[in-house]
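Please read it alongside the sequence and the coordinates.

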Amino acid sequence: MSTETPEASRTEPGAAPAGEADGKAESAAPQGKPGEEKPPDPPQFILYQEGPQYAQTLRQLTLWAHHVLLPVYGREITSTAPWCSRWWEHPEAVAQLHGLWLAWAQLTGPGSETVGPANWHRDYLATVMNSLRDPMGPFAGCKPGAHRPKETPPVDAVDPFGPPPGPA
């Protein structure tokens, strides 16, 4: 069973981030004292990512979900506990599962405390899975092999407190 974590996608300290053609860092941030390496930045929440960064994070999340989460914690699909076989097309599910995956990485990865997995189960797993699998949750209307996209709730004004729109 693969246990790929967000850290698995990070570059080694001092190495160029993935996707940079010239191998140079985007900014020359101070590294602290001579000989000290700056620790890698924590992973960015998936809803703030775009393009190739989003695609790579979603791929890693999918591998974790399909090889760790679902085989161990997936449980049977019922009308009261739905699941969508195309969960990655539900932004709420992606956001919640990404948060669950980040917590998994922090609490079960190298250097984590021995009680980390128990804390992950207690504090994160049930909350996220119950929310996703709620009959009124993001997979409401989806059935095995039958994805149903959700409509975004309507809003009367995109920015109700901004300046009024210009003349038509």
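Buried means under 20% relative accessible area, exposed over 50%, and partly exposed in between, with a 1.4 Å probe and protein chains only. The model is predicted, so local features need pLDDT of at least 70 and side-chain atom pairs count only at pLDDT 80 or more, while totals for chains, interfaces and linings use all residues. Residues are numbered from 1 along each chain as its sequence is written, and side-chain values use heavy atoms, with hydrogens and water left out.

**Cysteines**
- At 5% relative accessibility, Cys142 counts as buried.
- Cys84 is also buried, at a relative accessible area of 0%.
- The whole structure has zero disulfides, a disulfide being a pair of cysteine sulfur atoms within 2.5 Å.
- Cys84 is in no disulfide, and its nearest cysteine sulfur, that of Cys142, is 3.6 Å away.

**Helix pair**
- Helix 2 (residues 91–108) and helix 3 (residues 116–132) have axes that come within 9 Å and cross at roughly 175 degrees; axes are lines fitted to C-alpha atoms over the stretch in contact, with angles from 0 to 180 degrees between N-to-C directions.
- Helices are DSSP runs (H or I, at least four residues), numbered from the N terminus.
- The two helices are therefore roughly antiparallel, the term for angles over 145 degrees.
- Residues in contact (heavy atoms within 4.5 Å) include Leu97, Leu100 and Trp104 of helix 2 and Trp120, Tyr124 and Val128 of helix 3.

**Confidence**
- pLDDT, the predictor's confidence in each residue from 0 to 100, averages 82 over the chain, and 79% of the residues score at least 70.
- Over residues 7–30 pLDDT stays under 50.
- Where pLDDT is low, the predicted coordinates should not be read in detail.

Notes: Parallel < 35°, antiparallel > 145°, perpendicular 65-115°, else oblique.
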